[in-house]
Every structure is written in C-alpha cells, then in structure tokens.
Amino acid sequence: MIKKKLPQPVFFVIIVCFGINLVYGASLTTIEVPSAAMKKDVSVSVIVPDAYSKHGDRRFPVLYLLHGAGDTNEKWPRSTPIQALSDTYNIVVVCPDAGRTSWYFDSPEDPTYQYETFVSAELVQFIDRHYRTLASRQYRAITGNSMGGHGAMFLAIRHKDLFGVVGCLSGGVDIRPFAEQWDIKKRLGPIASHRDRWEALTVINLAKRLKDGDLAISIDCGTDDFFIGVNRNLHRQLLDDNISHVYIERPGGHSWDYWSNAIKYQMLFFSECFNEVNR
C-alpha cells in the first residue's frame with residue numbers, strides 16, 4: 001500500500017484553524033437586572049469579548065439577542081457559537097430572559113409581562129451604565145429566533161431611537177395566523193375581542209411605518225420553517241415599499257441547527273454595519 005503524504009498547506013490550515021478555536025476568550029456571566037415595571041429581577045446572560053478585559057478604556061457595540069418561546073436567557077449561549085462570535089467581531093452580547101411566552105409585549109392583560117419596557121428601557125440603560133458600551137443606536141443591534149425574531153423586529157421598529165440595526169431569524173413576524181398558539185392571546189387578549197391590538201402590534205403592520213434607511217435589516221428563515229410564509233410576506237412588503245434589507249432563505253427548519261448557522265451570517269452583517277459608522 002502506498003501511503004500518501006498530507007500536503008503541507010492543508011496541514012498548516014488545520015493547525016491554524018484548531019489554534020483559533022483554542023484562543024477564544026469571551027467570558028459569559030449571568031446577572032440580575034432589576035425591573036421596576038415588573039417589580040422583579042430578571043436574569044440576563046452577558047458575553048463580553050476577550051478584548052474587553054485586555055483594553056480597559058475601549059468601548060464596544062452591543063447585540064441584544066432574544067430567545068424564542070419556551071426558552072430562557074441561557075439557550076443562545078448553550079446552543080450556538082455565540083461566545084466565539086463575540087470574540088471574532090468584538091461585540092458585547094446581551095441575552096435577557098423574557099419569560100417563556102412573553103412575545104416581548106407590554107401585556108395589557110398581565111402586568112407581570114412588561115417586556116417591551118424591560119428590554120427597550122430598563123435593560124438598555126442598565127447595560128450602558130454597567131458596561132463599556134458604545135451607547136448610541138448606530139452601535140446597538142437586536143435580533144432573535146422565533147418569538148425572539150418577532151421581538152427584535154417589534155422592538156426595533158417601535159424604538160428606532162435606540163436600535164439602528166435589526167435581525168430576525170425564523171421570526172413570527174405576523175402573529176395573526178397563530179392566534180391560538182404559544183399563549184399570544186394571554187398577552188394581548190383573544191383576537192376576536194381585541195382585533196385592534198393584534199393589528200397594531202403585529203410586525204408586518206408595524207413595518208409599514210418604516211422609511212428606507214430607518215434601520216439596517218437582515219431577515220433569515222428556512223424554507224421548511226412554519227414561519228416561512230409570513231417571512232416571505234414581510235419580504236415582499238418591504239420590497240414594495242422600497243425598504244432596503246437583506247433577505248435570506250435556504251433549506252432548513254425551525255431548529256437550533258439552522259439558527260446556530262444563521263447567527264454567523266447575522267453577526268457578520270452587524271459587524272459590517274458597525275464598521276460602516278466609522279468610514
């Protein structure tokens with residue numbers, strides 16, 4: 001048998017790639033952030049890149065990364081390479097626990113679910129006070145998966161003074177077709193008796209307020225996802241309204257395999273948006 005020698009360039013690449021994985025130094029901590037609106041403390045996972053500790057006077061852009069229904073603040077760090085991506089792009093990542101089925105609303109039905117106020121006001125202010133952030137909308141992004149994708153678009157459109165960049169991964173960007181699922185009616189009341197709330201708060205209607213350039217937008221959804229229809233509808237609406245945005249769909253379902261891959265592209269998008277501010 002003839003043994004083939006591994007070409008030197010290939011061997012070199014393998015060593016380099018392996019070495020990169022070893023040097024990631026992003027740190028993950030869980031903090032408790034007080035919410036006056038909900039009269040409780042909320043668990044929040046915060047990831048700071050390795051450069052944060054090495055450069056004590058440097059300030060960093062921030063990504064608010066929202067979880068989906070049934071999950072918690074711990075899901076993104078456990079299920080994706082988000083710590084490595086924080087290091088790669090030097091972005092602070094903030095993952096709040098927003099309740100299992102909050103949908104990031106200030107619920108008119110339940111005063112213990114006031115997550116629009118928590119994320120957009122209380123959390124942003126807390127992070128900017130306690131971390132070295134670039135505390136302006138141009139350096140503040142928000143994204144999430146599923147319920148969190150809805151939440152990211154919902155919050156960014158309603159708070160364009162806070163967020164300049166928004167992503168959406170397999171987001172429930174039109175809640176009306178899913179009126180009986182995921183406890184949405186517990187947050188807004190039944191759609192039959194509160195149609196006005198549902199119409200006013202669904203993302204696809206909120207997006208009609210946008211003017212081109214209001215937000216840098218990236219939307220990503222798998223072709224086998226049960227939310228693909230509402231994402232395509234939002235994409236077409238944005239095209240019709242001449243709103244610049246990135247739209248990606250590719251094979252995949254409503255799964256962490258998909259989101260773990262998709263977040264890599266969104267982090268690159270966010271980084272490029274932040275870098276554009278300095279050009």
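**Entry 1. Ground rules.** I am working from a predicted model, in which local features need pLDDT of at least 70 and side-chain atom pairs count only at pLDDT 80 or more, while totals for chains, interfaces and linings use all residues. Residues are numbered from 1 along each chain as its sequence is written, and side-chain values use heavy atoms, with hydrogens and water left out.

**Entry 2. The sheet.** I looked up the strand order first. Helices (H or I, at least four residues) and strands (E, at least two) are DSSP runs, numbered from the N terminus. Two strands count as paired if DSSP finds at least two bridges between them. The eight strands form an open sheet in the order β1-β2-β4-β3-β5-β6-β7-β8, and the pairing is mixed. Its edge strands are β1 (27-35) and β8, each pairing on one side only. From one strand to the next the twist averages 20°. For this and later angles, axes are lines fitted to C-alpha atoms, for helices over the stretch in contact, and angles run from 0 to 180 degrees between N-to-C directions.

**Entry 3. Strand β4.** I then checked the neighbours of β4. Strand β2 (residues 40-48) pairs with β4 in the antiparallel sense over four bridges, and Val46 has Val94 as its bridge partner there. Strand β3 (residues 62-66) pairs with β4 in the parallel sense over three bridges, with Leu63 opposite Val93.

How many residues of β4 (residues 92-96) are buried? Five of its five residues are, where buried means under 20% relative accessible area, exposed over 50% and partly exposed in between (1.4 Å probe, protein chains only). In a regular strand the side chains alternate between the two faces of the sheet. Here Val92, Val94 and Pro96 point one way, Val93 and Cys95 the other, and all are buried.

Entry 4. Strand β5 (residues 140-144) and β6 run parallel and are joined by two bridges. Ile142 has Val166 as its bridge partner in β6. Helix α4 (residues 82-89) lies across β1, β2, β3 and β4, at about 60° to β2. Helix α6 lies across β3, β5, β6 and β7, at about 145° to β5.

**Entry 5. Helix α10.** Helix α10 (residues 228-240) has 13 residues and reaches 18 Å from its first C-alpha to its last. That is close to the 18 Å expected at 1.5 Å a residue, the expected span being 1.5 Å times one less than the number of residues. Its buried residues are Ile228, Val230, Asn231, Leu234, His235, Gln237 and Leu238. They pack against α6 (147-158), β6 (165-169), α9 (203-206), β7 (216-222) and β8 (246-250).

**Entry 6. Positive phi.** Asn242 follows α10 and sits in the loop between α10 and β8. Its phi is positive, about 60°, although Asn242 is not a glycine. Asn242 is exposed, with a relative accessible area of 60%. Asp183, also not a glycine, has a positive phi near 65°. Asp183 lies in the loop between β6 and α7 (184-188) and is partly exposed, at 29% relative accessible area.

**Entry 7. Cores.** A nonpolar core is a set of buried Ala, Val, Leu, Ile, Met, Phe, Trp, Tyr and Cys residues joined through side-chain atoms within 4.5 Å. Which residues touch the most other members of the largest one? Of its 65 residues, they are Val44, Tyr64, Phe118, Ile127, Ile142 and Leu234. A second, separate core of 24 residues includes Leu63, Leu85, Ile91 and Ala262. Beyond four places in sequence, the contacts of Tyr64 include Val94, Ile127, Ile142 and Phe163.

Entry 8. Not counting residues up to four places away in sequence, Ser218 touches Val166, Gly167, Cys168, Val246, Gln266 and Phe269.

Ser271 belongs to helix α11 (residues 256-277) and is buried, with a relative accessible area of 10%. The C-alpha atoms of Ser271 and Tyr89 are separated by 6.2 Å, though the two residues are 182 apart along the chain.

Conventions
Contact means heavy atoms within 4.5 Å.
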